[in-house]
Amino acid sequence: MQALVVERLSGDLSGVALAELPAPARGPGEVLVQVRAASLNFPDLLMTRGEYQFKPEIPFISGLEFAGEVLEADPASGFAPGTYVMGGNKTGAFAEIACVPASKLSMMPAGIDFAQAAAMGAAYSTAFTGLVELGGLEEGQWVLVHGASGGVGLAACDLARALGARVIATTGSPAKAERIAALARPDAVIVAEGRFREEVARLTGGALTDIVFDPVGGDVFDESTRCVAFGGKLIVVGFTSGRIADISTNIPLIKGFSIVGLRAGEYARRFPERGAAITRAIARLAQAGAITPAIDRILPLSRWREGFEAMAQRELVGKVVFQPG
């Protein structure tokens, strides 16, 4: 089979290449899947550099998540050959065939295609865990979503809006604002530069935001501490800005807000029943047509470099989906 292999760590993707490998053999409790679509996530890029918290042994097949068709499975797994599934593992998605534990897969919701299913899992699981499980999102609340051009940010906008929240999306690029507005349909899109608290206050009628969803960090986090309402929550999702922010603890004390760290994958591992419930909730919303993943482009796996470089250069509005074969 053809697969995208990280052969050595590098800052310029020079250690990444397509390779012909033997198809994996299924072990006990595992499922073999013909990959029809696999989506690119920011951790995939970081892992090519050795900059992600999970550091797989070199060499490894890149890719967190995919959607496809079951080739082989134990009858007890609940997945029969021909079943359409979505899911993934920490690696292995960017290949023609993937082998993963049955516990890492779920049935594809009706009404979505392979590309949408591949783009849904990690982004929407992260958004749901942050906004609903940890953030306690309620209908009518104001949510400030940073990094709204990325897959996770767009998923957070889409999910919050579907659950009845009022959404302010932010971007660091004025050129992306119109596309974000069309894809995510938030109540407003603003550029997160400098002192944007005043704009947030104006949009919310002075109420500020009940939840801040922040995958960006750095200066955006700093200003977000001024945007969160008393009793609100600032959800720390990541640091795509490259700077991990510091905060004086008197700020959340005086303003009465909580800072909550989000690791959706770890949350699901520690609380598997909640993880399964999140997956089911997302599937119900998708099947009802309430949420739809935003896809920037669909590429054959042979054009993997284009997708990775577009992500590195922050050109994307939505997910990159690769199609092996």
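This is a predicted model: local features need pLDDT of at least 70, side-chain atom pairs count only at pLDDT 80 or more; totals for chains, interfaces and linings use all residues.
Reader: How many helices and strands does the protein have, and what does the globule rule give for its 325 residues?

Author: The protein has ten helices and 16 strands. The radius of gyration is 19 Å, close to the value from the globule rule, so the protein is as compact as a globular protein of that length. Along the principal axes, the C-alpha trace spans about 60 × 40 × 35 Å. For 325 residues the globule rule gives 20 Å.

Reader: What percentage of the residues is buried, and what part of the accessible surface belongs to carbon and sulfur atoms?

Author: Of the 325 residues in the protein, buried residues make up 50%. The accessible surface comes to about 14,100 Å². The part of that surface belonging to carbon and sulfur atoms is 51%.

Reader: In the open sheet of six strands, which strands stand at the edges?

Author: The strand order is β11-β10-β9-β12-β13-β14, and the pairing is parallel. The twist from one strand to the next averages 20 degrees. A strand with a single partner has one side left without a neighbour in the sheet, and therefore the edge strands are β11 (188-191) and β14 (258-261).

Reader: Within this sheet, which residue of β10 is the bridge partner of Val143?

Author: Strand β9, residues 142-145, pairs with strand β10, residues 166-171, in the parallel sense. Four bridges make up this pairing. In β10, the partner of Val143 is Val167.

Reader: In the open sheet of three strands, which helix packs on the sheet, and what angle does its direction make with that of β2?

Author: This sheet has the order β2-β1-β4 with antiparallel pairing. Its edges are β2 (16-20) and β4 (60-61), each with a single partner strand, so one side of each is left without a neighbour in the sheet. The helix packed on the sheet is α10 (residues 304-312), which touches β1 and β2. The angle between the direction of α10 and that of β2 is about 155 degrees.

Reader: Which residue of β4 is the bridge partner of Val6?

Author: Strand β1, residues 2-6, pairs with β4 in the antiparallel sense over two bridges. In β4, the partner of Val6 is Phe60.

Reader: Is Thr126 buried or exposed, and which residues does it touch beyond four places away in sequence?

Author: Thr126 lies in helix α2, residues 114-134. Its relative accessible area is 15%, and buried means under 20%, so Thr126 counts as buried. Thr126 and Arg263 are 137 residues apart in sequence, yet their C-alpha atoms are 7.5 Å apart in space. Leaving out residues up to four places away, Thr126 touches Val152, Phe213, Val237, Leu262 and Ala264.

Reader: How many disulfides are there, and which cysteine has its sulfur nearest to that of Cys157?

Author: A disulfide requires two cysteine sulfur atoms within 2.5 Å, and by this rule the count is zero. Cys157 is buried, with a relative accessible area of 1%, whereas Cys99 counts as partly exposed at 23%. The nearest cysteine sulfur to Cys157 is 15 Å away, and it is that of Cys227.

Reader: What is the omega of the peptide bond from Ile58 to Pro59?

Author: Most peptide bonds are trans. The bond from Ile58 to Pro59 is instead cis, and Pro59 is found in the loop between α1 (42-49) and β4. Its omega is near -5 degrees.

Reader: What phi values do Leu13 and Leu208 have?

Author: Most residues other than glycine have a negative phi. Leu13, in the loop between β1 and β2, is buried with a relative accessible area of 6%. Leu208, in the loop between α5 (197-203) and β12 (209-214), is buried with a relative accessible area of 9%. Phi is positive in each case, near 70 degrees for Leu13 and near 65 degrees for Leu208.

Conventions
Residues are numbered from 1 along each chain as its sequence is written. Side-chain values use heavy atoms; hydrogens and water are left out. Buried means under 20% relative accessible area, exposed over 50%, partly exposed in between (1.4 Å probe, protein chains only). Two strands pair if DSSP finds at least two bridges between them. Axes are lines fitted to C-alpha atoms, for helices over the stretch in contact, and angles run from 0 to 180 degrees between N-to-C directions. The radius of gyration is taken over C-alpha atoms; the globule rule is 2.2 Å times the number of residues to the power 0.38. Accessible areas come from the Shrake-Rupley method with a 1.4 Å probe; for residues, only the protein chains shown count as cover. Contact means heavy atoms within 4.5 Å.
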